[in-house]
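Work through the following exercises with the sequence and the model open beside you. Each task is followed by a solution in steps.

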Amino acid sequence: MSLQVLPGVSLKPFNTFGVDVQARLFAEAHSDADVREALAYAAEHAVPLLVIGGGSNLLLTADIQSLVLRMATRGIRILSDDGSKVVIEAEAGEPWHPFVQQTLARGLSGLENLSLIPGTVGAAPMQNIGAYGVEIKDVFAGLTALDRHTGELRDFTLAECNFAYRDSLFKQEPGRWLILRVRFLLDRAAHLHLEYGPVRQRLTEQGIDHPTATDVSQAICSIRNEKLPDPAVLGNAGSFFKNPLVSAALVARLKGEYPDLVAYAQPDGQMKLAAGWLIERAGWKGFRDADAGVHKLQALVLVNYGNATGLQLLNLAQRIQKDISDRFHVDLEMEPNRY
Ligand code: FAD
Ligand code: NAP
């Protein structure tokens, strides 16, 4: 018996919004055996089990009447290496950004655009994390998950994960799959994605014409550090809303009224609107109500100035949703997982 189950633990240090709610029970998993023990404990005591990683995509609106299991498993290993392509596997509890840094230090390219995203490796497939034109589906080589319904292990291929924009099978079947380890197909030769937003511009400013994957990672870190609040300083969960996918007809109508509307064409003919632009245009940027606010530099990010509750943050999000719907006829979907 290695699992330590603690009663009545504050989750404030375990969610990047810094919301202070209590977990009825709390434990950390350092091995697959701990995970199985936690599942057995939850079944025996008839409490639900909530798995978390870094808590960077959570909105906790009340005390959690569950056994909260924080994934803290560690381990990174190369599974295959043909001299050009490498399959690397990491345990679910590995912190994401240090893992990305480790792949770059080993001369492997593929994850550089996903630098500085908080959280863990195990949570990354949940919403198919993405940034600067790359999503993990682009470098995904498989994962192993525990089916909480049957207790069996299952290996997933790329096609089986149903990855989509900030979405996956694991998100679509909440509470079923506990991701234990994830595999990535990386490359010794860099195939860089520089077309997105300010990445190329930042490299040019730095006098870098022929960047390496590490140069791209550093450029993205510097852009992100300028724009996004550090959760250690100001509580937040990154983008609070997904960028909405809408019809080209709606974009054409909106452009009539708002010629500077930001919209990107998608391969399926839909258009992706920049939710941050809509929220900023509606006047919410920098808004603050008690300790719940909209970030001063990035309107897509809700922030906790100290003692905001999850319900206050949710209330602010719902006010923004209603306003955006009234003004632009666009429905914003919240991105963080709510409990
Ligand atoms: P948590 O918040 O702990 O959990 C998220 C969900 O996954 C929960 O439903 C939880 O139950 C489930 N879960 C966690 N671990 C497991 C597991 N092992 N098995 C099964 N289910 C699990 N996201 C992006 O996509 N792109 C970005 O660029 C980005 N930038 C961000 C910047 C900031 C400043 C912040 C605060 C967040 C950002 N995010 C971004 C959101 C977030 O960092 C990612 O979604 C991240 O993958 C969440 O990881 P986590 O370990 O913190 O997950
Ligand atoms: P940005 O560069 O100001 O761009 C605004 C939005 O427009 C982005 O959200 C992005 O959508 C979209 N966009 C920009 N250039 C695009 C292009 N060339 N093609 C298609 N879409 C484009 O965005 P930002 O807020 O500073 O974030 C930069 C990147 O980090 C984005 O990819 C963003 O998703 C990611 N990020 C995510 C989170 C999160 O919590 N999910 C938090 C911070 C940053 P996409 O979001 O679809 O890429």
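Helices (H or I, at least four residues) and strands (E, at least two) are DSSP runs, numbered from the N terminus. The model is predicted, so local features need pLDDT of at least 70 and side-chain atom pairs count only at pLDDT 80 or more, while totals for chains, interfaces and linings use all residues. Residues are numbered from 1 along each chain as its sequence is written, and side-chain values use heavy atoms, with hydrogens and water left out.

**Exercise 1.** Determine which strands pair with strand 5, counting a pair where DSSP finds at least two bridges between two strands.

Solution. Begin with strand 2 (residues 22-29), which pairs with strand 5 in the parallel sense over six bridges; here L25 stands opposite L67. Turn next to strand 3 (residues 49-52), which also runs parallel to strand 5 and is joined to it by four bridges, with L50 opposite V68. Finally, consider burial, meaning under 20% relative accessible area with a 1.4 Å probe and protein chains only: six of the eight residues of strand 5 (residues 64-71) are buried.

Methods: Chains are lettered from A and ligands numbered from 1 in the order in which they are written. Buried means under 20% relative accessible area, exposed over 50%, partly exposed in between (1.4 Å probe, protein chains only). Two strands pair if DSSP finds at least two bridges between them.
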